[in-house]
Each structure stands twice: as structure tokens, then as C-alpha cells.
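The chain is shown first.

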Amino acid sequence: MRASPARLRSTGTSPFATLANNEQKSEADWRAELTPEQFRVARQAGTEPPFSGEHNARTAVGTYRCVCCKSELFQSDAKFDAGCGWPSFFEPASLETVTTHSDVSLGMERIEVRCAKCEAHLGHVFPDGPDPTGQRFCINSVVLTFEAGD
Ligand SMILES: [Zn+2]
């Protein structure tokens with residue numbers, strides 16, 4: 001009997017498959033799901049015009065979620081009126097819900113804020129916020145959905 005050569009068998013699954021999740025969508029997927037303005041801000045790090053967003057002046061109690069992946073990002077009890085024209089929060093819903101990244105575009109050094117789950121661009125965080133954190137998360141309305149609650 002002849003020994004058959006050892007063969008690498010393909011199982012059809014990538015060893016990296018466990019790293020993927022449902023939010024790892026292609027640019028084309030996002031373009032199809034989002035409005036052009038949502039896509040421009042969330043996936044291309046754009047900025048909506050100040051005082052244009054539907055959540056800027058909102059004071060209702062509730063939860064703000066990522067427009068891309070519905071992850072809970074901010075709570076209304078951390079929202080304050082910064083007068084800057086964008087919804088502002090002194091802290092995210094939890095430390096795991098957003099990530100921060102150095103952004104040196106436009107000749108400025110800023111800290112970009114992204115959704116931790118789907119990497120949507122949300123806005124920037126500045127060190128001029130109120131107590132208790134002293135931070136101002138300056139977030140585009142167009143990347144947030146609001147869910148009223150208590
Ligand atoms: Zn997201």
C-alpha cells in the first residue's frame with residue numbers, strides 16, 4: 001500500500017474569520033445603507049454644518065446611537081449646550097463605546113472620536129468641557145439616532 005502524500009485540507013473558513021464581525025462592511029455596503037450626508041460624515045470623516053443637525057438643540061431624555069451599527073454611544077444626561085452648533089457631551093455612554101485617534105488634518109491637531117464597534121467617524125473631543133470630566137465630545141447629529149427613554 002502506497003502512502004498518500006500529506007495534503008493541506010481547506011476547510012473553507014479563514015483563520016481570521018473570528019476577527020470579523022457583522023459591522024465590517026465594505027464602502028459600497030455603507031454607501032447603499034446610508035444617506036449621502038451620513039456616508040460623507042461617518043465613513044469619510046466629514047463634518048456637518050454647525051446648527052444644522054436635528055440633535056443639536058435636543059434636550060429630551062434618551063439614548064444616542066450610532067447611525068451605522070446602532071451601538072449605544074451617548075446618554076442625554078451627559079449632553080450640554082456648548083453653543084458650538086453640534087451636539088456636545090461631557091462623556092460617552094461607556095469607555096468602551098468610542099475610540100479616539102489623533103487627527104492632524106486641516107492644519108490642526110485634534111482628537112477624532114469614532115464608534116468603537118464600526119469605526120464610524122463621529123466628531124472630535126476637546127478639553128474645554130464642563131465638570132465632571134472637562135471634556136467636550138463634539139459630535140455630528142447626522143451620525144446619531146435618538147431613542148427616547150428614561
Ligand atoms: Zn457604529
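## Strands, a loop proline and the core

In this predicted model, β1 and β2 form a hairpin with 5 residues between them. Lysine 70, in the turn of this hairpin, has a positive phi of about 70 degrees. The two strands run antiparallel and are joined by 3 bridges.

On the β9 side, strand β1 (residues 62-66) pairs in the antiparallel sense over 5 bridges. Threonine 63 has glutamate 147 in β9 as its bridge partner.

A further open sheet has 6 strands in the order β3-β4-β8-β7-β6-β5, with antiparallel pairing. Which strands stand at its edges? They are β3 (79-80) and β5 (98-103); each has a single partner strand, so one side of each is left without a neighbour in the sheet.

| Strand pair | Bridges | Opposite residues |
|---|---|---|
| β5 and β6 (residues 110-115) | 6 bridges | serine 102 and isoleucine 111 |
| β4 (residues 88-89) and β8 | 2 bridges | phenylalanine 89 and phenylalanine 137 |
| β7 (residues 121-126) and β8 | 4 bridges | histidine 124 and cysteine 138 |

Strand β8 (residues 136-139) takes part in two of these rows, pairing with β4 and with β7. How do its side chains point, and are they buried or exposed? Arg136 and Cys138 point one way, Phe137 and Ile139 point the other way, and all are buried. Of these residues, Phe137 is the one opposite phenylalanine 89, while Cys138 is the one opposite histidine 124.

The loop between β7 and β8 contains proline 127. Is this proline buried or exposed? Proline 127 counts as exposed because it has 9 C-beta neighbours inside 10 Å, and the cut-off for exposed is 12 or fewer. Leaving aside neighbours within four places in sequence, proline 127 is in contact with Gly134 and Gln135. Its C-alpha lies 9.7 Å from the C-alpha of phenylalanine 90, a residue 37 places away in sequence.

The last topic is the core. The largest nonpolar core has 24 residues. Those with the most contacts inside it are Cys66, Leu73, Cys115, Ala120, Leu122, Ile139 and Val143. At least two residues of this core come from each of α2 (36-42), β1, β2, β6, β7 and β8. β8 gives the most, with 3 residues.

What does valine 143 touch, not counting residues up to four places away in sequence? The list is Gln38, Val41, Ala42, Cys66, Val67, Ala120 and Leu122. Among them, Cys66, Ala120 and Leu122 are also named, with Val143 itself, as residues with the most contacts inside the core.

Methods: Residues are numbered from 1 along each chain as its sequence is written. This is a predicted model: local features need pLDDT of at least 70, side-chain atom pairs count only at pLDDT 80 or more; totals for chains, interfaces and linings use all residues. Two strands pair if DSSP finds at least two bridges between them. A residue is buried if 20 or more other C-beta atoms lie within 10 Å of its own, exposed if 12 or fewer, and partly exposed in between; C-beta atoms are placed from the backbone. Two residues are in contact if their C-beta atoms, placed from the backbone, lie within 7 Å. A nonpolar core is a set of buried Ala, Val, Leu, Ile, Met, Phe, Trp, Tyr and Cys residues joined through C-beta atoms within 7 Å.
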